[in-house]
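Let's take a walk through this one together.

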Amino acid sequence: MTPDLIVFFGLAAVAIASAVLMIASSNAIYSALYLVVNLTASAVFYLLLAAPFIALVQVTVYAGAIMVLFLFVIMLLGADRVELKPGLPMQAPIAVGLGFALIVILGYGLMSGVGTGAEGPILPVDFGGPRQVGEVLFQSYLLPFEVTSVLLLVAMVGAIVLTRDEPKAQP
């Protein structure tokens, strides 16, 4: 076994365990922290695939900024103290059935060798680097980039407006 394979299987175990703990945790803050562990494991997967820029973006944007935003919203709304209401009556059986179907499809794909044998396109050495991503993002996709930033700003302002307490009227 190569060192890359050992690291891959170790990270796979960490990613699966953190995903299961994230879903199973009853505390929203612990769930968010387990998600940080999962996102960091995903970043190391990107490093194993020789994509350091994507790994850095994964850690910076998702495990950093987005998780700070999640924790801010959890603390602001007090979601860590909210009692869960019972779900839909058929929710659990449907979830189990869909999970079983996913396992069967993945097992079939692994056993049949789907996706093996064909090599992908040959990419240039600097493909996906910061310079190329920046050029494409700010030349070809500048308008969607700016629209997304405005939408995120509106969502943040909306969350703050919806969660603030109204001032009490003076008698």
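Start with Asp4, which counts as exposed at 52% relative accessibility (exposed is over 50%, buried under 20%, partly exposed in between, with a 1.4 Å probe and protein chains only). Asp4 sits in helix α1, residues 3-24, and its C-alpha atom is 9.8 Å from that of Leu49, 45 residues apart along the chain. Helices here are DSSP runs of H or I, at least four residues, numbered from the N terminus.

A quick word on ground rules: this is a predicted model, so local features need pLDDT of at least 70 and side-chain atom pairs pLDDT 80 or more, while totals for chains, interfaces and linings use all residues. Residues are numbered from 1 along each chain as its sequence is written, and side-chain values use heavy atoms, leaving out hydrogens and water.

Now for the largest pocket, with a volume of about 500 Å³. Of its 20 lining residues, Val61, Tyr62, Ile66, Phe145 and Leu152 are the closest to the centre. Helix α3 gives the largest share of that lining, nine residues, and α3 (52-77), α5 (130-140) and α6 (142-163) each supply at least two.

Take Phe72, found in α3: its relative accessible area is 43%, so Phe72 is partly exposed.

Methods: 1 Å grid on protein atoms, 1.4 Å probe; cavity = no way out; pocket = protein on both sides within 12 Å on 5 of 7 lines; lining within 4 Å. Points joined across faces, edges and corners; volume = space filled by probe spheres on them.
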